[in-house]
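Have a look at it, and then we'll go through the calls one at a time.

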Amino acid sequence: MIAMPNTDPFIDRPEHVDTVFEIIESKAIVERIPPPRSNPEKPLRALVFDSHYDAYKGVVAYVRLMDGVMDGRTPLLVMSNGVRIEAIEVGIFNPSMTPVRALSAGEVGYVATGLKIVRDCSVGDTLTVARQPAEQPLRFESGGRMWWAISCISMMAILFHADATRRNRRIRKR
């Protein structure tokens with residue numbers, strides 16, 4: 001589990017733990033998995049790991065802040081293409097999207113950019129402060145073949161499910 005050797009699992013066997021709450025209360029996860037290395041004093045670097053278009057807020061980018069602090073008042077820059085952004089809203093997932101004043105290094109949240117094209121702030125981009133940009137963008141490595149295989153399998157499942165549904169309708173009509 002999460003880059004830990006198999007010799008030291010959180011649970012030996014499923015029957016040893018009655019509920020997930022016992023794992024959480026034991027604090028084993030907090031003690032064994034180190035926190036992410038990030039520095040709020042460095043210039044902002046936020047990795048976009050997902051994004052979608054919202055009719056009212058424009059492109060909403062899901063980000064993980066590696067360094068720095070992001071608030072809703074500071075103009076941002078997309079490092080891959082130089083697009084400047086005035087953030088409409090900054091927030092966290094709680095589990096729905098909840099606005100906050102600022103996100104700090106190590107946190108995961110979202111930023112509503114107001115952009116009209118998702119391609120301008122897509123997965124793998126780095127957001128930084130426009131007036132003091134970070135020197136080096138973050139590197140995001142996609143799954144490559146694995147993602148392609150998963151998307152093919154998903155598409156096949158959708159097609160076969162649709163085909164099976166049509167076949168079942170034909171059988172019921174007879």
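Q: What makes β6 and β9 a strand pair?
A: Two strands pair if DSSP finds at least two bridges between them, and β6 and β9 have three, in the antiparallel sense. So they clear the cut-off. Within that pairing, G91 stands opposite Y110 in β9. The strands themselves are DSSP runs of E with at least two residues, while helices are runs of H or I with at least four, all numbered from the N terminus.

Q: What should I know about where these values come from?
A: This is a predicted model, where local features need pLDDT of at least 70, side-chain atom pairs count only at pLDDT 80 or more, and totals for chains, interfaces and linings use all residues. Residues are numbered from 1 along each chain as its sequence is written, and side-chain values use heavy atoms, with hydrogens and water left out.

Q: How do you know that β2 and β9 pair?
A: Five bridges join β2 to β9, and the two run antiparallel. One example is A61, whose bridge partner in β9 is V111.

Q: What makes β1 and β10 partners?
A: Two bridges join strand β1 (residues 45-54) to strand β10 (residues 126-129), and they run antiparallel. The rule asks for at least two, so this pair qualifies. Here L47 stands opposite T126 in β10.

Q: Which strands make up the open sheet, and in what order?
A: Eight strands form it, in the order β5-β4-β10-β1-β2-β9-β6-β7, with antiparallel pairing.

Q: Why are β5 and β7 called edges?
A: β5 (84-85) and β7 each have a single partner strand, so one side of each is left without a neighbour in the sheet.

Q: What makes strand β9 mostly covered?
A: Four of the five residues in β9 (residues 108-112) are buried. For the protein, 27% of its 174 residues count as buried.

Q: How many aromatic pairs are there, and what is the rule?
A: Rings of Phe, Tyr and Trp (its six-membered ring) pair if their centres lie within 6.5 Å; planes under 30 degrees apart count as stacked, over 60 as edge-to-face and the rest as tilted. By this rule there are three aromatic pairs.

Q: Why is the Y62 and F93 pair edge-to-face?
A: The ring centres of Y62 and F93 are 4.9 Å apart and their planes sit at 75°, so the pair is edge-to-face. Y62 lies in strand β2 (residues 58-67) and F93 in strand β6 (residues 89-93), so the pair ties together parts that are 31 residues apart in sequence.

Q: What makes D67 and R45 a salt bridge?
A: A salt bridge is a side-chain nitrogen of Lys or Arg within 4 Å of a carboxyl oxygen of Asp or Glu. D67 and R45 meet at 3.1 Å, N to O, so the distance falls inside that limit. The pair links D67 in strand β2 with R45 in strand β1, 22 residues apart, and both residues are buried.

Q: Which other salt bridges meet the definition?
A: The search finds three. E89 and K57 meet at 3.0 Å, N to O, linking strand β6 with the loop between β1 and β2, 32 residues apart. E89 is buried at 18%, while K57 is partly exposed at 23%. R73 and D71 meet at 3.2 Å, N to O; R73 is exposed at 68%, but D71 is buried at 15%.

Note on methods. Buried means under 20% relative accessible area, exposed over 50%, partly exposed in between (1.4 Å probe, protein chains only).
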